[in-house]
Amino acid sequence: MLVYGGATKIKGYVFEAPKLPEIRGASALLDWVGEQQVHQIWHKAFPKGDPSKPHPYVIYASGGSFLAFTPCSEAQELATQVERTYTEHTLTANSVAIAACFDLLELRYGRLFHDKATDSFYWVEDFIHDCQDANKWAELEQYYYLHKDSGFAANDKSETALKWRFFNRKTFGELVTVLATMFHRRRDERASHGEPHYLPHYELMPWDVKCHSSDVRSAVIEARVGDDRRQLSEASARKLAVGRTVKGVDIGDLEKTLKPWRVPPDLETWETRWHEFLDNHPQSNYARHLDNAAIKPASDIADIAAASLPSRYIGLIYADGNNIGRLMATLTTPQRYYEVSHVLSEVTREAIFTALAEHLTPANKIHLFEILAIGGDDLFIIVPGDKAFDIALTIALHFERELTVRLGSLIQRKITENSQEKLVRYHGNDPVAQAIRTCSPAVGLSAGVLIAQENTPSSSCAIW
């Protein structure tokens with residue numbers, strides 16, 4: 001049995017309020033539930049080793065989603081617990097978790113379809129026969145798709161080509177495709193694949209005081225935050241408390257007013273991981289400019305914008321890997337799925353840290369960037385406006401180059417060579433760009449960069 005799920009409509013939850021502390025807190029809280037709490041649910045159900053470490057039944061839990069093994073008898077209960085945990089801690093974030101039971105043979109050969117009439121399974125011989133039927137070919141061609149590096153033409157119906165199509169699809173990755181389809185149906189239909197799916201809803205009455213942050217829920221908490229007194233909904237107050245905690249800032253009265261809920265004590269921050277990266281890369285440009293004084297995170301966007309030339313400009317970088325779902329659907333075993341998921345997360349993090357360390361230096365004892373999200377193969381960061389394009393390019397270069405190298409030993413097909421003409425991806429005189437300008441990467445990265453004044457990002461900006 002496999003359980004699959006995670007948060008949905010993430011951007012609506014994280015960017016509900018435009019204030020940086022709450023964006024930061026919402027992202028950190030989602031990461032904590034989606035990673036650490038999923039492992040804790042499995043540790044409670046199946047005690048295995050050290051509970052502070054990842055549970056061996058969990059194939060991966062990162063980037064807002066997870067995939068895990070469980071006995072059939074426990075699967076639906078665990079899926080329900082995951083959805084319940086998201087709601088208990090975030091109150092308003094949407095989530096979906098589904099469970100499906102598979103035969104052990106299917107973990108190796110994908111979904112097996114049993115023909116009761118002949119008491120046999122649909123297999124490669126049946127597939128080759130059906131491909132000769134023009135009415136069936138269109139659907140079969142789409143489902144048993146070819147990769148660009150397969151070496152076969154799209155209309156090739158030779159026995160060798162058809163066998164390649166079939167066996168490339170009939171792997172563990174096909175089960176993940178089935179789970180993803182169930183996931184989307186439950187997200188959209190709410191009553192399918194498990195218990196009824198209840199979404200959090202807080203009604204705003206005409207006489208209620210609006211939350212100062214969300215502006216869509218009733219304010220139920222009045223607390224001191226810094227020098228201000230704020231009226232907040234509980235969901236916004238939790239985001240703010242987490243956002244200030246991960247930055248090491250006093251949360252004021254929020255700790256008292258939010259009881260019995262409290263900020264998770266084991267939150268992992270990007271600042272901690274950033275300092276670990278610098279310790280391991282002491283020769284980086286950023287590390288060489290550190291002194292013995294304590295460097296603090298930026299307190300707000302103005303701190304980051306002040307470092308730009310011209311000043312008061314920020315750069316927002318959003319990037320996402322291309323066709324990751326199709327790549328994962330071709331992985332042959334759970335072990336491969338775990339390894340590739342781990343590599344994707346690790347390389348994404350390394351790409352961001354490498355770019356920041358190369359192009360930025362601390363100023364006024366402040367880290368001049370903000371990491372809003374790093375999840376699997378996607379990222380969202382804020383940097384000084386004049387450094388945004390250089391940082392985005394370095395992230396893309398490092399991401400594509402490292403993944404091509406590291407996935408080459410994990411994916412069975414050959415990805416460093418291509419029978420098609422290679423793509424010209426990067427231009428300019430940069431030596432790193434020239435070295436891989438004609439590379440066809442294992443996974444491409446699409447990135448968007450937005451340059452905006454720090455005080456009016458919604459109305460005075462340039463999109464490139």
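Q: Is phenylalanine 166 buried or exposed?
A: The relative accessibility of phenylalanine 166 is 0%. Buried means under 20% relative accessible area, exposed means over 50%, and partly exposed lies in between (1.4 Å probe, protein chains only). At 0%, phenylalanine 166 therefore counts as buried.

Q: What pLDDT do side-chain atom pairs need in order to count in this predicted model?
A: Residues are numbered from 1 along each chain as its sequence is written, and side-chain values use heavy atoms, with hydrogens and water left out. This is a predicted model, in which totals for chains, interfaces and linings use all residues, local features need pLDDT of at least 70, and side-chain atom pairs count only at pLDDT 80 or more.

Q: How many aromatic pairs does the structure hold?
A: Rings of Phe, Tyr and Trp (its six-membered ring) pair if their centres lie within 6.5 Å; planes under 30 degrees apart count as stacked, over 60 as edge-to-face and the rest as tilted. The count for the structure is 21.

Q: Which class of pair do phenylalanine 127 and phenylalanine 166 form?
A: The ring centres of phenylalanine 127 and phenylalanine 166 are 5.4 Å apart. Their planes meet at 35 degrees, so the pair is tilted.

Q: Which helices does this pair link?
A: Helices (H or I, at least four residues) and strands (E, at least two) are DSSP runs, numbered from the N terminus. Phenylalanine 127 and phenylalanine 166 are 39 residues apart, in distant parts of the chain. Phenylalanine 127 also has 0% relative accessibility and so counts as buried. The helices are H5 (residues 124-131) for phenylalanine 127 and H7 (residues 159-169) for phenylalanine 166.

Q: Which class of pair do phenylalanine 172 and tyrosine 337 form?
A: Phenylalanine 172 and tyrosine 337 are both buried. Their ring centres are 5.9 Å apart and their planes stand at 80 degrees, so the pair is edge-to-face.

Q: Where in the chain do phenylalanine 172 and tyrosine 337 lie?
A: The two residues are 165 apart and link distant parts of the chain. Phenylalanine 172 is in helix H8 (residues 172-189), and tyrosine 337 is in helix H15.

Q: Which residues does valine 347 contact, leaving aside its neighbours within four places in sequence?
A: Valine 347 lies in helix H15. It has a relative accessible area of 0% and is therefore buried. Its contacts are His398, Phe399, Glu402, Leu403 and Arg406.

Q: What phi does leucine 91 take?
A: Leucine 91 is in the loop between H3 and S4. It is buried, with a relative accessible area of 13%. Most residues other than glycine have a negative phi, and most peptide bonds are trans. Leucine 91 has a positive phi, near 70 degrees.

Q: Is asparagine 364 buried or exposed?
A: Asparagine 364 lies in the loop between H15 and strand S11 (366-367). Its phi is positive, near 55 degrees. With a relative accessible area of 73%, asparagine 364 is exposed.

Q: What is omega for the peptide bond from leucine 309 to proline 310?
A: Proline 310 lies in the loop between helix H13 (301-305) and strand S10 (313-321). The bond is cis, with omega near 0 degrees.

Q: Which residue does a cis peptide bond join to lysine 259?
A: The omega of this bond is about 10 degrees. The residue lies in the loop between helix H10 (254-257) and helix H11 (270-280). It is proline 260.

Definitions and conventions:
Contact = heavy atoms within 4.5 Å.
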